[in-house]
Amino acid sequence: MDTTLTVRPKSGTTSDKAAPDIQAILLLLAGSFIFANLLALFLQQLQPRYLLIGVSWALSAYAGHRVLKHRLSDFGRLLFPLVMFLSGWGLVLISRLEPTFADRQAVWLLIATGALLWTATTPHLLRWLRLYRYLLLIFGLMLLISTILLGQNPSGQAGAPQLWLGFGAFFFQPSEALKVILVAFLASYLSEQYPNLRAAVHSLEPSNAWLSPRIIGPVLLMWTLSVVILIWQRDLGTASLFFAVFIILLYVASGRIMIVLGGAILTLIAGFVAYNLFAVVELRVDIWLNPWPDADNRAYQIVQSLMAFGAGGIFGQGIGQGTPNFIPVVHSDFVFAALAEEYGLLGVVSLLSLIAAYTARGLRIAVLSQARPFYSLLALGLTMLITVQSLLIMGGVLKLFPLTGVTLPFVSYGGSSLLMSFIVTGLLLRLSAEVR
Amino acid sequence: MAFTRELTHVLLASLLALMGVIGAATYWAVIGSDNILEREDNPRLILNEAAIQRGSIYDRNGLPLVETVRTENGALERRTYYEAFYSALGYFSLRYGVDGPEAAFNTILRGERLTDKVGVRFERDILHQPQMGEAITLTLDQSIQQRLSDVMQDEQGAAVILSVPSGEVLALISQPTFNPNTLDSDWDTLIEADTDPFFNRALLGQYQPGGILQTPLAVAAVLTGQSFSEPNATATQTVTVDELMLSCAIPPPQDTLTLAQAYAYGCPQPFEQMIERLNDNTLLTLLGSLRLLEPPIIDGFGLVQNVDATAEATLDASVSLRDDLLGQGQLTVNPLGLATLVAAITNNGNAPQPYMLLSTRTPDGVWTDEQPSLSPIPMMTADAAVRLQDLMRANLNDGVANAAARPDLDNGGHAAVAFSGDSTQTWFIGFLRLDNEQAVVIALVLENTGDLNQASEMGMAALTAAAALDA
């Protein structure tokens, strides 16, 4: 397979108009899958809720299709159907796992679609992001500080991570917004600094290239920020995600593979220190290394998750036919395991293909945007937010690495996560429209 | 372009990472799935088990004895229909497992044998259809079982009725027992009960034989050419085993008795003399050939009867062989073992091997006859068998088992008392011939009683019913 990303000639508007409406076709395919599953659930439990959820999805898909088709003359035809497929599949799973939560998620989907459309169709948004990057960063850090000071947990459970800000019955996870803000800031910063970065790197001996202050400075800054998040919020997932995405951005900007190795070493150091300092990290590492002796207690969740994969086999148990509810909090962190049990390995490969397609599409936008480095790095960072977060939670659920407690973008239950994932997609659509 | 190379690397790394996730998912879903799913702490195991529609159990005439039915709340429930069969059929419980025929034929009842069929695998693995088990038809007969249960009433003990020459188990009872329909709720009480209701006395019980060992000793006497007609003036004298004084089971009309009369009145002294006359090795060889040291196992019941526990006993000839052969030593016997011995006596010396499975039926309704895997075991010569039949017939005239006499029937039997610590057991073994070839035999033991007439009457009453129905 030729995986080299090359810039293809711009397709003509005339031929695009003559081409079949790919977005509509893909949305119809996605809709068929989602409605078939909702119908299966409806027939099993005869609850009209499933049909209402389907209507909510259909409204979002139809509105998104109409707006994107008319407001953007040229746009990424694949991205919107992709995220609608993923979020619809997520709605199906949440409906099956926690029906009452599905109602809320359906409302969040409508809100998130609105946010996506606003983001994708606001002409000056990208310019604002670059111009007001410091303001945005300050806002993001204020959000972080406010979470540290005023954070709550919607479950009200003692000892649970306080990662949400509450407004009455409404909860929002600021770290979700912080992800996008930080990516925008870093893309803007690196798009200006990358020539200097590359010059600084090349002025040193190759073996000492990573010692350049222009490289090591930002790395240590982000590392510190990640550690702060880890310490104050015990949010291993967000800290890991920030640092990983930052390292990728810095690698692409500087062109030095040593950045990645250095980042890996710093991650190991932070992990070692965190393991010895924080019980939550120690627990996650311990049950990752050997969950079996404690399978009925502390490692119950991960062991049940692995059993769900085994129970699903190749073809899965079928929607509503498995027993994924043995996994605690399955609708959020472990929705991937529920998907594996009910749709089997075929479902897992399908999901990963969708995420791979999203990644490839996002990186293609990054390649096509190289004339404007900010756009290119922003597309890269936004794409990596989705890809790395997906890898973190899927790998954790499969015991490839310790659990980080992040959601599976578009699929897991969580309003903040869904909203920000749609905003990320909206920005990618905006970037796609700008470059083509 | 500025970032093309790096972006290509990022794409490649992302795709590789995603493929790594697929690899891990493949491992847990396919390669390692059996290992993780078979863990005892997998809660899906119980749900899967609960979803299995176990096959029904029928009696030999097609009467349903146990069925899996769906309750109003949609759950599957195992129901045993006849109280008389409670001890014969064992139990199935999601919480406590299986026992008895439910355990012996568990693989069949769960439908495990069908997994070799491609169509069945497709239905289970791909379509996720519920696992359906095969139905089985047993050799047990509801009418005979009911009659045996009726005659046993609430007595504590066990009984087995076999068909000769086939070896089919027609009825089997062990008391006290349990109700398999309320097993889960009764479990704690049952497990604490002194009477050990879960212990299947007919299959696993090892009892003190007492005077019932005079039947195998009579076989030994025939095979070693002992005289059954020579008068013995000391035949009615008591015999002492430790502090136990053994005398004739019923008072004989005179003090001088032949060996045949001693057998009929249950007098131990002539048998003690015979034991002392015969070589120890000869006696041990004879006992071995009668399989008294190695109780039989119903075909397919290896795990249920726990082969280790019933493994061949060893007798120390130098210490206690006399006591053992007088029925008050270390040697213990099992109802099924004695029933098999009587079956050999009735069947020209060849012991049919007991079995219980007649046929199976797949979920789509195809019946298959099941052939027993064990062959009859020669125990004695045909002449010796005929001689023993005559001796046992004589027992019913005015001997120890005269309560079992049925003048219009060709039957025989032997009854005896055994002492075990402070308790007393009473044995009855007997046969009822249907024609030249066919017969039914019984071995019955009652705990905590020394009433020979009661045991004889009960044993022959059950046997008469069995004969009428089996004919």
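How many of the 19 residues of helix 4 of chain A are buried?

1. In this predicted model, 18 of the 19 residues of helix 4 of chain A are buried, so the helix is largely enclosed by the rest of the structure. Helix 4 of chain A covers residues 79-97 and reaches 27 Å from its first C-alpha to its last, which is close to the 27 Å expected at 1.5 Å a residue.

2. In chain B, strand 1 (residues 57-58) pairs with strand 2 (residues 64-70) in the antiparallel sense over two bridges, with B:I57 standing opposite B:V66 in strand 2 of chain B. Five residues lie between the strands of this hairpin, and B:G62 takes a positive phi near 85° there.

3. Strand 2 of chain B also pairs in the antiparallel sense with strand 3 (residues 76-80) of chain B, here over five bridges, and B:V69 stands opposite B:E77 in strand 3 of chain B. These two strands form a hairpin that again has five residues between them, and B:G74 in the turn has a positive phi of about 90°.

4. A search of the whole structure finds one disulfide over all chains; B:C248 and B:C267 form a disulfide, with their sulfur atoms 1.9 Å apart. The pair links distant parts of the chain, 19 residues apart, with B:C248 in the loop between strand 10 (244-246) and helix 12 (259-265) of chain B and B:C267 in the loop between helix 12 and helix 13 (269-277) of chain B.

5. The torsion about the S-S bond of B:C248 and B:C267 is about 110°, so the disulfide is right-handed. Both B:C248 and B:C267 are buried.

Note on methods. Residues are numbered from 1 along each chain as its sequence is written. Chains are lettered from A and ligands numbered from 1 in the order in which they are written. This is a predicted model: local features need pLDDT of at least 70, side-chain atom pairs count only at pLDDT 80 or more; totals for chains, interfaces and linings use all residues. Side-chain values use heavy atoms; hydrogens and water are left out. Two strands pair if DSSP finds at least two bridges between them. Helices (H or I, at least four residues) and strands (E, at least two) are DSSP runs, numbered from the N terminus. The expected span of a helix is 1.5 Å times one less than its number of residues. Buried means under 20% relative accessible area, exposed over 50%, partly exposed in between (1.4 Å probe, protein chains only). A disulfide is a pair of cysteine sulfur atoms within 2.5 Å.
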